[in-house]
Structure formats: C-alpha cells, structure tokens
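Here is a short tour of one protein chain, from its overall build down to a single residue. Take a look at the model first, and then read on.

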Amino acid sequence: MFSEAAFKIFEESIEKYHILDDVYQPFENPYPSDSLNHLLYRKNWIDTVQWHYEDIIRDPQIDPVAALDLKRKIDASNQDRTDTVEYIDSYFLNKYESVEPKSSATINSESPAWAIDRLSILALKIYHMQEEVDREGASESHKAKCAEKLAVLLEQKKDLSSAIDTLLQDIENGEKYMKVYKQMKMYNDDELNPVLYQGKN
C-alpha cells in the first residue's frame with residue numbers, strides 16, 4: 001500500500017538525519033529528482049530538521065540573536081514544507097487527471113498530500129517517543145508513560161495510513177475528487193504582511 005511505502009521513506013530520512021544529528025548538515029536526496037519518492041524524502045527531511053529547530057529554540061539559555069536567526073529559519077522551513085506538500089498534491093492531480101469523478105463523488109476535507117504531511121510528522125513522533133522509551137537513565141515511570149503514548153501513536157499510524165490509502169483508492173475509482181487550495185501564506189509576503197509593506201514606504 002502507498003502509506004506503507006511512504007512511511008518507510010520517512011523512516012529512512014529520519015535515520016539518515018540522526019547519524020549526524022545536526023540541523024546544519026548537508027542534505028542529499030537518494031531518489032531521482034523527478035520521482036514521488038524524491039518529494040516524500042525531501043518532505044520528511046524538512047520536517048526532521050524543523051523538529052530539531054523547535055527543540056533548540058526552546059533552550060531557555062539561547063542567545064537572543066541566535067533565537068531570532070533560528071526563528072527566521074523556522075519561517076523559511078515552514079514555507080518550504082508548504083511548497084513541498086503542494087508539489088506532492090500536483091503529482092496526484094496529474095496522476096488522476098484522466099479519472100472521471102462519479103456524479104455522487106465528494107471532496108475530502110484535506111488533500112492527499114496534507115494527509116501525507118501528517119504521516120510524516122507522525123513518523124517523527126514515533127521515532128522520538130521510542131527514544132524516550134529506550135532512554136538510559138530515565139525512570140521506569142517515565143518509560144512506562146512514554147510506552148503508553150507510543151502505543152497511541154502506533155494506533156494513530158494504523159488509522160491514518162488506512163485513511164490515506166482509502167482516499168487514494170476512492171479518487172482512483174471516482175468516488176472522491178481532488179480540489180487543491182494553495183495555502184497563500186501571508187506573513188512571508190511583503191505585499192500582504194503590513195509590517196513588511198509599511199516598512200517599504
């Protein structure tokens with residue numbers, strides 16, 4: 001199933017990142033640039049780096065100048081994440097463009113790529129919760145609580161994976177149709193963010 005293959009790519013990206021475990025390490029995508037796998041790997045790598053940005057910026061001892069620089073990196077990462085999700089949706093739009101939706105077809109509350117986005121984040125939650133379960137020096141009560149949370153995350157993975165596979169199958173069968181709305185984020189746009197466009201005057 002698609003979700004199983006995608007999750008394996010997410011795990012591959014996460015494992016590769018944690019070899020060096022450095023947000024500034026170079027990025028190398030092992031998949032052909034014109035493939036969906038390339039987009040999936042890139043999507044998770046963005047999520048993984050940003051996960052660690054978010055950890056670093058919460059350091060109470062962080063230098064304010066460094067924090068501002070990191071906040072701007074997080075903003076850029078968010079935009080990159082959104083762009084990549086939209087590229088993934090474009091792939092599915094092209095894949096299913098010849099499918100004629102049935103008259104009874106309905107639209108889903110989120111596009112395939114935004115559901116896949118959630119699966120990528122879930123892969124990170126599972127990886128890091130497993131780390132807590134296995135963490136040396138942690139109390140048994142901590143490990144037990146984390147094991148309970150991990151069980152919930154794994155159940156969520158099962159449900160979300162099933163939902164993604166069902167959605168793609170429904171689109172392929174004409175039971176659902178895709179309609180993608182670009183996010184149109186305003187805070188990065190110097191024509192839409194008043195702080196930015198007023199500063200230009």
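## Contacts and overall build

In the protein chain, 73% of the contacts with a separation of 6 or more are between residues 24 or more positions apart. Please keep in mind that this is a predicted model.

What elements make up the chain? There are six helices and two strands, and starting at the N terminus their order is α-α-α-β-α-α-β-α. The C-alpha trace extends about 60 × 55 × 30 Å along its principal axes.

Some values for the whole protein chain are gathered here:

| Property of the protein chain | Value |
|---|---|
| Share of the 201 residues that are buried | 37% |
| Accessible surface | about 12,300 Å² |
| Share of accessible surface from carbon and sulfur atoms | 52% |
| Positive side chains | 24 side chains |
| Negative side chains | 38 side chains |

As for where these charges sit, the centres of the positive and negative sets lie 3 Å apart.

## A look at Asp117

Now let us turn to one residue. Asp117 belongs to helix H4, which covers residues 112-134. Is Asp117 buried or exposed? Its relative accessibility is 3%, so Asp117 counts as buried, because the buried class takes in residues under 20% relative accessible area.

Which residues does Asp117 touch? Leaving aside residues up to four places away in sequence, Asp117 is in contact with Lys43, Asp47, Arg81 and Val85.

Technical notes:
Residues numbered from 1 in each chain as written. Predicted model: local features only at pLDDT ≥ 70, side-chain atom pairs only at ≥ 80, totals over all residues. Heavy atoms only, no water. Helix = DSSP H or I, 4+ residues; strand = E, 2+ residues; numbered from the N terminus. Buried < 20%, exposed > 50% of the residue type's maximum accessible area, 1.4 Å probe, protein only. Contact = heavy atoms within 4.5 Å. Areas by Shrake-Rupley, 256 points an atom, 1.4 Å probe, with all protein chains shown as cover. Lys, Arg positive; Asp, Glu negative; His and termini not counted. Charge placed at Lys NZ, Arg CZ, Asp CG, Glu CD.
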